[in-house]
Amino acid sequence: TMKQVQIRMLWGPLIFLAVLALVHNPLMVSDYTDSITLNRLQDHEKRMKQEMELLQTEFDQKGWTLEVLQTPKDWITTEQPMDDETWDVWHYVIILFLLVCYVYTSEKEPGDDSGTDTSSSTTNRDYDDDTDDMETETSGSRQNALETFCDGHTDMDTSDLTNMCDFVESFVNDLLEACRNALPYQNTLPLLENCIGVDSAFEGWHTQQSKAFSVLVPVVPPKGHSFRLETSDSDGTSSKHGHILVEMDCMCKRERLLGDVVCFLHRPEQKLSEDQQGAFLMHVLCTSSHLDVDKTIYWFQSLVGKAWKNVQYKYNLHLLPKPSNTSCKLQLEFRSGRTISVDIILGVQQGDSLVFLATQGDEMDHSTGTIWQRTFAIQELLFFKWVSQRVPEESCHLKCLQIIIYLKESNPSDGKNPVLTNHHYKTCLMHLLLFRSLSDWAREDIAQRLQDILLFMHIALQEKCLNHFLIGNISLPIQIPMPTALRTAAPVNLFKHLAQDPNLHAEAMREFVEVVEQVRALVATCEE
């Protein structure tokens, strides 16, 4: 109302008067003086008296007059001229008089003018509200359009994805149990533990383009054998791959007591039966005492084919194996017409950590021969679970990655493997989830966070440096298990190959520009 406006207008002059009063009438300090200061003042007073006496004598000789103030008390209590005192009082009265006149005049203004002012202020306020509403509406429409696009190009909703992940894990574990039952009693081949769901589907950013459900199957040595992982980690650096040395252990005592094993270390091979030699780990799966990736995958694929015959009666689907040198790829065709792919990756655990040497790495690097790829798939899975517990409800971080991955995989590849992989974009997202506050990933922030991920990738490409998210990341949450040597190691540059090969870098930039143009067109369409 007008009355409230007038009251608010009084605050400015009142504050001015308060400041003016403080300037002209400063607060007094305490009159108490300590003995040291008092002595110094007395000495100073004596010197001043002596100087004044000398000046008085000199003035008397010249015939001048000077009224001497006898004591410092006289100097302090000397009154100011009357004119100054009068001004100190009246200038407050004048300002106060002008202020009262202004308020009185404002109250007596015609109603039409008051109505005009009120109408004007109301119009301005309505305009500001309309502008805010338009901005909110634009932001809301952009958010809804991006979410609709994301939901329309993902293979299934969250609940359906969770159910399918549970089914895949259960299905693979049934196959693994049948595989274990197919092995002989005195087994000399690797043992297979239950699977662990990893990668896009189990992390929550599955898309129509990436239909594979990836699972990691830990492989452990049979009785009488041990695996020793050989990596080139040294001097604070870490390698991306390693070898798995197969060693034989003495099992003579157990062989005598239980008879369920054979001590291959002390039993000459020629004394074993042909069946036992045919299943001998060192002969079947090794090359120069090292576990061979190609041989291991071929053996596992054959074992799965035999196991499926024993469990297919449980499932109303058709299983079709797909060729692969780094994993066991299975296509499941349901009677409803739905089709999914299951990618079974074999891995050997590094000590008691959750780091594995696997047949396929995080960046889809292909293992070959006796070279196994190091994977941190378990740590990345745990990180996304850690984030999901702390971000706002219906957060946008996974939707941002889904949009980028879908657009990236929609581009024609001309039969070539892309330089920028899904894992590269996922690495950018994981870095940003640590750099930014998790509260910044609310549902309405999807457009801005989408741009942030692309900006992070752009800077990484310009500098030809994208650090591995886990290796050498000292800011990694303590809840994510990582060996201390890897947590404190020197960062690993995932774009090192781009710095070494200008052609690869140019191709990566071309792929990135295509994604940026698609995202820009998508956002522009949402704003229309």
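Is Phe383 buried or exposed? Select Phe383: this residue is buried, with a relative accessible area of 0%. (Buried means under 20% relative accessible area, exposed over 50%, partly exposed in between, using a 1.4 Å probe and protein chains only.)

This is a predicted model, where local features need pLDDT of at least 70, side-chain atom pairs count only at pLDDT 80 or more, and totals for chains, interfaces and linings use all residues. Residues are numbered from 1 along each chain as its sequence is written, and side-chain values use heavy atoms, leaving out hydrogens and water.

**Aromatic rings**

Rings of Phe, Tyr and Trp (its six-membered ring) pair if their centres lie within 6.5 Å; planes under 30 degrees apart are stacked, over 60 edge-to-face, the rest tilted. The count is ten aromatic pairs. Next, select Phe167, Phe171, Trp308, Tyr315 and Phe334, a cluster linked by ring pairs.

**Helix 14**

Go to residues 422–435, helix 14. (Helices are DSSP runs of H or I, at least four residues, numbered from the N terminus.) Twelve of its 14 residues are buried, among them His423, Tyr425 and Leu433.

**Confidence**

Colour by pLDDT, the predictor's confidence in each residue, from 0 to 100. The protein's mean is 78, and 65% of residues reach 70 or more. Over residues 64–88, pLDDT is below 50. Residues 107–137 stay under 50 as well. Where pLDDT is low, the predicted coordinates should not be read in detail.

Terms used
Helices (H or I, at least four residues) and strands (E, at least two) are DSSP runs, numbered from the N terminus. The expected span of a helix is 1.5 Å times one less than its number of residues. Contact means heavy atoms within 4.5 Å.
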